[in-house]
Amino acid sequence: MSPLDRIANVSTLKQHEVDKLYKVEHKPIVSISDQICFLIRPRIQTVKWICDVVNADKAVGKFRRYKIIFTPQKFYACEAVLEEQGVFGDVTTDEWAFYLLPLDEDIISLELPEFFRDNFLAGDQRWVRTAGSALHLLHSLFGPFSKVYGIGRCSKMTYESWREQVEQGEQKARHAEIGNVFLIDRDVDFVTPLCSQVVYEGLVDDIFRIKCGCVEFGPEVTSSDKSIKVMLNSQDKVFNEIRNEHFSNVFGFLSQKARNLQTAYDKRRGMDIQQMKTFVSEELKGLKQEHRLLSLHISASESIMKKKTKQDFQELLKTEHCLLEGFEIRECISFIEEHINRQISMIESLRLLCLLSVTENGLLPKDFKSLKAQYLQSYGADHLLTFSNLRQLGLLVEQQPGETLTVMESKVGKLVNDRAAVKLTDAFSSLAKKSHFRALSKKLNLIPKSEEDYDLRVPRDMAYIFSGAYIPLSCKIIEQVLERDGWTGLEEVTRLINGHEFAVTGADPKSKSDARRIILVMFLGGCTFSEISALRFLGKEKGYKFIVVTTAITNSSRLLEALLDNNI
């Protein structure tokens, strides 16, 4: 519903004679209309429900016209269900190839939150072709790309799907408008989305949930009994200046902005009639709009402060930083136990458990058993399936006694250096997804040296997005590959990630002089606002312009909610 609202809202649909809009809720439809149009994702469960609706109408002798529009594409399996259920002749089907929704000047989303679970947990590769088609669309508009880098199994498949589509289509000679393209899988870096966000845009997303670039501020922000929907993008002047700021700088900026606005208002004193006329026609409207947005962001910041102080946010951040640095792990475990036993938040407890596991390369068997038992006692034994899902993804695992598969795998890799060894390594990695966060952290200097204080007002590296404690792995890999113009010198890093990395030089036709500085980064499985802020910072430092394409915007809550399973 949210992406549709951005393209054609209710009033637009009403102008085109849409009578009523219903959300698909797998319940009977109560409508007197003789035409029903279903706009759905190609899911078998949803198609079965449509078949039930059609068959129920037929049973009572009600005949209507039914149309099913699949988006972003139609799958044969869905049509097979229509045939099995005997309604194939009663419905017409179509497909809406809706691949990309621009959320801002530098963020484009496929709006496919289900991509993460379907691809990484269920191993269902249905969306790979969709991601390939999205890349193909960008290529046809702004291509050809001079270089394509990628890391991760899904990235490799997406690249291959895109190449296939390019070869099948007609080639047009054109000026390249995008230089390099970088594809990255979400499971290359799970640590970053598991960390608490502390940049303004990330915090707004964590607390109020940004949907399709829109946020709904409730009565606690609007100071009235109504909620208000606000579009958050670079056209909101106030938001644009604070979105990438560390939260500790936001109040200072907002109060300065308030003073500047007051000065602009005060200008009208002592104006003659002509000047006043000009002021009203040219400046007043803009000032009022800015004033409204400023008071909204001040209220939102106050609301964030209240919520975070209540949760003892500082203590939480301290624990996270200790986990990232590998210090005082026993104290961290005690904090997590207290968090679970006080039932502060089911998702937050799970997030801390996963962060502990991913940074420590798995939990010691006794810790794993104890923490799992406490979690199930606090939040219900029906979360056993959730633990199974987390294990499968390597997010929450128990360390194996003795020689681990990863050690064996490296020995095999050194002994035999041919295709058989690669296949064997792949087989091992699918058996036990291991995190090598400590080794990667040392190799890539992800934890800045903490000898001197980190000034968050003048950030010196991408670590500012996590209060100077950690440089996001995903963004660091992108920085290193662009710096080295490929994966040379990063062999150890890619081995630890087990990354299916690739670098392909495309045709390098006439490209616009500034095209080389434009980098398209595609996150498969979602990316966070913190990562987008880090890439914006990197772009400013190195003279690049990053355009982020993602299957969906994610954060720790969305990531873990996608893996929750309490259907026992």
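E328 is partly exposed, with a relative accessible area of 45%; buried means under 20%, exposed over 50% and partly exposed in between, using a 1.4 Å probe and protein chains only. This is a predicted model, in which local features need pLDDT of at least 70, side-chain atom pairs count only at pLDDT 80 or more, and totals for chains, interfaces and linings use all residues. Residues are numbered from 1 along each chain as its sequence is written, and side-chain values use heavy atoms, leaving out hydrogens and water.

**Backbone features**

- E328 is not a glycine, yet it has a positive phi of about 45°.
- You can find E328 in the loop between α14 (313-325) and α15 (329-341); helices (H or I, at least four residues) and strands (E, at least two) are DSSP runs, numbered from the N terminus.
- Q343, also a residue other than glycine, has a positive phi near 50°.
- Q343 sits in the loop between α15 and α16 (346-359), and counts as partly exposed at 46% relative accessibility.
- T71 and P72 are joined by a cis peptide bond with omega of about 5°.
- P72 belongs to the loop between β2 (65-70) and α4 (76-84).

**At the surface**

- M1 lies in the segment before α1 (2-7) and is exposed, with a relative accessible area of 56%.
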